[in-house]
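Hi,

Here is the structure I said I would pass on. Have a look first, and my notes on its disulfides follow below.

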Amino acid sequence: MRGSLLVNRRGLQRFRQIAIAAAGSVKIKLLLCCCIAFTLFVLAGGAADFIRWTQQGSSADRSSFSGKGYAILMNTWKRYDLLKQSISHYSSCGGLDSIHIVWSEPDPPSETLVKYLEHVVQSNSKGARQVELKFDINKEDSLNNRFKEIKDLKADAVFSIDDDIIFPCYSVEFAFNVWQSAKDTMVGFVPRSHWLDKQGKKDYYIYGGWWSVWWTGTYSMVLSKAAFFHKKYLSLYTYEMPASIREYTSKSRNCEDIAMSFLVANATGAPPIWVKGKIFEIGSSGISSLGGHNEKRTQCMNRFVAEFGRMPLMSTTVKAVDSRQAWFW
């Protein structure tokens, strides 16, 4: 009798072990399925976003936009395929008044390129708005060219963008709306930071890249490779910025975007605004991928601090998010 009970108990224990193992296996499988489903959801969302910005005249159709618009100031350099792709995309965005291509190459743009881009812009300029396309030709090759004053600029808002970066039209429109609520500051998609490193009695500032922003949640600049600012800063950069800073950025071929951030912060006494947006890089990596990039930017910052006589940049943790497009916000 005892032997029979012992066998039954052992059988029951064995059954419980099997049941627990089976339950654990089911939980693991469910967890894996959830992870796979979430990954597919994210990838599908990214693919959908990629398709959305390549489609012409979607939710950001030009005819649906009303009110004063903005001008695009696009920097380019011997990347005609990227330039064509960018112009084709942005010329379909609602609210766009004009496109100004900053041209600093030795030779002027070819007639074929000009006619092609004019045709693309005209084809995308549906409805009441007709986008104006202009090449701003510069005799010398300098990074300062991207901030030269434009005499006949009608729009107050300038969207400074590189030719190898694409943002969906709805992201550009949202950033423009954010800028309209704070027209004196810079509003952009690419944040950067700085922090103070005391070296004896001297203040020394360190440039912080994207990972610094990600880790701390704090930033003090938005790069002009993708940012809105008021057209008055083009005039201030051209005529009021210390000539030594313009000469330095031209010779070093770096830091003109930091100089613009210093200029705006010095004029406003306020931080910029970082806007969340999906970015698609359609070109190869730029100078930021080269070795010693952050060190060079750190040198720029401390030189500019000396020129301005103080550190004008202000840190913030504010981030503008379009809840209509964000699943998590």
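Let me start with the link of C255 and C300: with 80° about the S-S bond, this one is right-handed. The C255 residue sits in the loop between α7 (243-252) and α8 (256-268), while C300 belongs to helix α9 (residues 293-308), so the pair ties together parts that are 45 residues apart in sequence. (Helices are DSSP runs of H or I with at least four residues, strands are runs of E with at least two, and both are numbered from the N terminus.) The sulfur atoms of C255 and C300 are 2.0 Å apart; a disulfide here is a pair of cysteine sulfur atoms within 2.5 Å.

A quick word on the source: this is a predicted model, where local features need pLDDT of at least 70, side-chain atom pairs count only at pLDDT 80 or more, and totals for chains, interfaces and linings use all residues. Residues are numbered from 1 along each chain as its sequence is written, and side-chain values use heavy atoms, leaving out hydrogens and water.

Now, how many disulfides are there by this rule? The count is 2. The other pair is C93 with C169, whose sulfur atoms are 2.1 Å apart. This link of C93 and C169 is left-handed, with -75° about the S-S bond. C93 lies in the loop between α2 (80-90) and β2 (96-103) and C169 in helix α4 (residues 169-180), so parts 76 residues apart in sequence are tied together.

Numbered in sequence order, the bonded cysteines pair as 1-2, 3-4.

Cheers
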